[in-house]
Amino acid sequence: MRAIHIITLAAALMAIASVGVFAQTNESTATLRRGSKKTDGAQKEQITNRTLKRISMPSASDSEKGWMRVIYRELDLTKPGNAPLYYPEPPIEGQENLFRTIMGLVSSGRLKVYEYMDGREIFNDQHQLSLTDMLERFHIPYRQSKRNSAVEIDEADVPAEEVLSYYIIERHELDSKNTRKRTVVEAICPVLHRSDELAIDPVKYPMFWVKFDDLRPYLSGNAIFVSDENNMPSCTYDDFFLLGLYDGEIVKTRNARNKSLAELYPDPVERKKIQDSINSSLENTGGNMWVPSLEQLQASRLEKEKAEILAAGGDTSAVKDPAKYRRQISKRGTKKQNALKIKTKRAKAPKNVSSSSSATRSVRNRKR
């Protein structure tokens, strides 16, 4: 009889546990649905291993980096090149801009944000910013559910129209192992532009930093179009940053004094020259920092030979056959040498004529 009671009690405990698990499953599913409703469909939440493998780029270790430079840029969303990050505002036909996507992930707890520290960014748990602190700091209305303490934000209260720029941290590095240069967006920070009664121009309020590696899996599902001439959304937010399609102005380079370019170069004309110089240096870095491979040397030599043949009015198909190309070059050299000999003979001809005329005059003199 006692054994029967024990079995009955165990069955009851198992039933309660199963009900609890079922309730937790339903609750998490409901939270996911709420988040997916804001981010247009559950398809954006289905991040498979294949997707993560496709969008992830293995970063070189510090021992494999031959050179690295950290650049801070400001993406002005009023520029045409950065318009895909701002529009559509508000959401249209299931599409939403970058800031609404970020806020949907942050409010649902799927994305961590870190405090903006003006050049001293540290992305660890100690500098992580809570959702409620961030909302209260920037006066964004919200309500907290009494049942599960979830934070809910109305669609109309998301200040997407005030986010008119972003700060991004670029990491330019040379991988000495694979002999290649790569540019990685390390973090992104939305910036609020709010009017102040005491200021003529709107005041910029950087909100928080988001590690781009944490954000990328969700950006790969947001299709956008980047050209007014092609309205097909054939690009994603991830592609937009990965391919460097944004138009960003350099505002700072990482330095020991932690000063921006505006502080180092107060004159706008001088600062613009420095920005252009840094951009040119970043574009040209890598070409002279290691010995090129044999394939690169051969390709460079072929391109040079094609340019020489085209300049001489020849056929570039001869470059595909090195022996034929050498014969063509040797023939060209022989023709040049023959032409040079002809010119030399013609130059000496007047002297012969002059000598013969002088000899004739001398004979006439003798006859006289």
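Trainee: Why is Thr253 called buried?
Mentor: Its relative accessible area is 11%. Buried means under 20%, exposed means over 50%, and partly exposed covers what lies in between, with a 1.4 Å probe and protein chains only. The value of 11% is under the cut-off, so Thr253 counts as buried.

Trainee: What kind of model do these values come from?
Mentor: The model is predicted, so local features need pLDDT of at least 70 and side-chain atom pairs count only at pLDDT 80 or more, while totals for chains, interfaces and linings use all residues. Residues are numbered from 1 along each chain as its sequence is written, and side-chain values use heavy atoms, with hydrogens and water left out.

Trainee: Where does Thr253 sit, and what does it contact?
Mentor: Thr253 belongs to strand E10, residues 248–253. Helices (H or I, at least four residues) and strands (E, at least two) are DSSP runs numbered from the N terminus. With neighbours within four places in sequence set aside, Thr253 is in contact with Arg69, Val70, Ile71, Lys259 and Ile278; contact means heavy atoms within 4.5 Å.

Trainee: What makes Asn258 stand out in the loop between E10 and helix H8?
Mentor: Asn258 is not a glycine, yet its phi is positive, near 55°. Most residues other than glycine have a negative phi. The loop residue Asn258 is at 19% relative accessibility, so it counts as buried.

Trainee: What makes H6 count as largely enclosed?
Mentor: Six of the eight residues in 212–219 are buried, so H6 is largely enclosed too. Those six are Phe212, Leu215, Arg216, Pro217, Tyr218 and Leu219.

Trainee: What does Tyr114 touch, and how do you know that it is buried?
Mentor: Tyr114 is at 3% relative accessibility, under the buried cut-off, so it counts as buried. It lies in the loop between H4 and helix H5.
Mentor: Most peptide bonds are trans. Pro88 lies in the loop between helix H3 and H4.

Trainee: How many aromatic pairs are there, and why is the pair of Tyr86 and Tyr87 given its class?
Mentor: The structure holds seven aromatic pairs. In the pair of Tyr86 and Tyr87 the ring centres are 4.9 Å apart and the planes stand at 85°. Rings of Phe, Tyr and Trp (its six-membered ring) pair if their centres lie within 6.5 Å; planes under 30 degrees apart count as stacked, over 60 as edge-to-face and the rest as tilted. Both values meet the cut-offs, so Tyr86 and Tyr87 form an edge-to-face pair. Tyr86 is at 13% relative accessibility and counts as buried.

Trainee: What class does the pair of Phe240 and Phe241 have?
Mentor: Their ring centres are 5.8 Å apart and their planes are at 80°, so this pair is edge-to-face. Phe240 is buried at 1% relative accessible area, and Phe241 is buried at 4%. Ring pairs also link Phe212, Phe240, Phe241 and Tyr246 into a cluster.

Trainee: How do you know that Lys252 lies over the face of Tyr72?
Mentor: A charge sits over a ring if NZ of Lys or CZ of Arg is within 6 Å of the ring centre and within 35 degrees of the ring normal. Lys252 lies over the face of Tyr72 at 5.3 Å from the ring centre, which is within the distance limit.
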